[in-house]
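Open the model in your viewer and turn on residue labels. The tour goes from stop to stop, and each stop says what to select.

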Amino acid sequence: MYLTTLLAECIADRVFHGAPVEGRNKALACLFDAVVCALAGKNTTGSTSARLVAARIFGPGRAPLWFSDDRLSTVGAAFANSASVCALDFDDGHRAARGHPGAAVIPAVLAACAESAADPEDFVAAIVAGYEIAIRIAAAQNPDNIRSRQSGLWAGYGAVAAAGCILNTSTDHLAQALAINGVWAPNQAANGSSGYSKLTGNHAKEGIPWSVVTGLTALELAEEGFTGPADILDHASHFNGERIRSGLGLTWEILGTYFKPYSCCRYIHPAIDATLDLMRSRRLEPKDVLSIEVQTFQWAQRLQNKVMPKTLVEAQYSLPFCLAAAVRHGASALAPIDEQLLEDGDICSLAGAVTLTVDDRIDQKFPAETLARVMLTTPSGEITSTTATPRGDVGRPMLWDELEKKFHEVCSGKMTAAREEAFDRAIDHIKSGDPLPFLQEISADL
């Protein structure tokens with residue numbers, strides 16, 4: 001049996017409905033976090049341009065553009081909402097996948113619900129299905145022949161699985177949609193830290209919104225008899241089939257999903273946490289930090305790392321700049337990042353005093369762990385941190401209260417107090433297992 005067929009049968013046989021309570025709760029947390037990230041990114045250039053183009057290309061329909069009264073086609077709304085989720089690199093991720101499943105899965109599920117209403121149990125199972133299939137395929141990639149590590153290569157599989165679950169797509173059509181998606185996914189050869197282009201700070205980023213278009217289009221094509229290579233996942237040269245197959249329905253990849261307290265590349269986070277932890281423990285003021293040496297893994301050095309980024313996207317991929325912003329203005333400066341920081345000379349001055357070195361022991365633990373250690377130069381001398389794990393990882397999780405804090409930081413100034421209270425009530429419903437009031441709130445204008 002081809003792996004595409006096996007995965008399709010798991011969806012049709014409701015395997016993902018059997019996720020344990022902690023898996024279902026994680027799915028609801030993933031929903032909440034993705035929507036918060038979309039709210040944070042709503043007015044960025046990447047998000048606004050995606051909404052305009054989606055309306056022009058994909059046309060009207062019944063699927064909501066989040067936080068507005070506008071409605072587009074299923075594909076158009078999912079594309080635009082995905083662009084908002086990943087606009088600020090604030091969205092969730094997974095270490096085994098080395099990328100971001102939520103920015104594809106959550107918009108696909110919600111757009112599909114506009115075409116086929118789902119009860120809460122089916123809705124949550126669809127999210128679980130999308131995460132499980134996307135993450136397993138991503139983790140199974142053979143780096144010898146699949147050199148790009150960008151999410152667009154595999155996130156569309158999650159969109160197929162999640163939307164197909166909501167739409168009750170047949171096993172045969174699901175299998176074909178997975179195959180079509182795998183061939184037509186954005187290749188991502190140029191972009192990101194694993195790409196050949198050195199200019200990582202651009203809106204194309206990891207290709208996630210277009211992977212959603214590919215996945216949802218593949219579902220519609222399959223329904224009309226269009227086919228793909230069903231054996232796409234069955235070649236050891238490109239995928240470790242056992243990594244996809246092992247533990248299906250027994251172990252749950254979604255539980256390894258991390259959330260992000262800072263709107264920048266995950267490779268930057270451990271340095272920020274190591275620095276802020278050290279500043280708190282030593283009671284340092286921002287002015288006390290004169291320079292910083294970051295000891296980390298070599299992939300962090302592959303970021304663009306501009307000391308004086310000109311755009312928010314460039315800033316998201318600059319370890320020196322984001323670290324300096326956190327030191328000078330605290331963690332809230334990156335929750336989310338703001339364009340005003342780009343003109344802050346004090347940040348740029350400290351960013352120029354940040355150096356990056358590779359620590360062999362830290363590097364050997366990548367990608368399973370993303371770690372960093374920092375040495376701060378202060379007026380009293382040099383002090384060194386312990387090796388830090390970033391906040392949000394499984395070993396240092398962001399729980400519901402922190403996710404709610406992230407929401408309130410993001411929505412500050414974006415909605416009235418009454419509307420914020422309505423969201424708080426809807427969030428309480430999510431925590432009790434009912435996402436429907438929350439979906440109603442995000443489907444209306446702010």
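Helices (H or I, at least four residues) and strands (E, at least two) are DSSP runs, numbered from the N terminus. Two strands pair if DSSP finds at least two bridges between them. This is a predicted model, in which local features need pLDDT of at least 70, side-chain atom pairs count only at pLDDT 80 or more, and totals for chains, interfaces and linings use all residues. Residues are numbered from 1 along each chain as its sequence is written, and side-chain values use heavy atoms, with hydrogens and water left out.

Select residues 60-64, strand β1, and residues 71-72, strand β2: the two pair in the antiparallel sense over 3 bridges. Now pick Pro64, whose bridge partner in β2 is Arg71.

Next, go to the loop between β1 and β2, where Phe67 sits. This hairpin has 6 residues between the strands. Phi of Phe67 is near 60 degrees, a positive value in a residue other than glycine. Most residues other than glycine have a negative phi, and most peptide bonds are trans. Is Phe67 buried or exposed? Phe67 is buried (under 20% relative accessible area; exposed is over 50%, partly exposed in between, with a 1.4 Å probe and protein chains only), at 2%.

Move to Arg98, in the loop between β3 (93-94) and α5 (102-115). Arg98 also has a positive phi, near 55 degrees, and counts as buried at 14% relative accessibility.

Then select Ala335 and Pro336, joined by a cis peptide bond with omega about 5 degrees. Pro336 lies in the loop between α14 (319-329) and α15 (345-351).

Last, select Phe366 and Pro367: a cis peptide bond joins them, with omega about 10 degrees. Pro367 is in the loop between α16 (360-364) and β7 (373-378).
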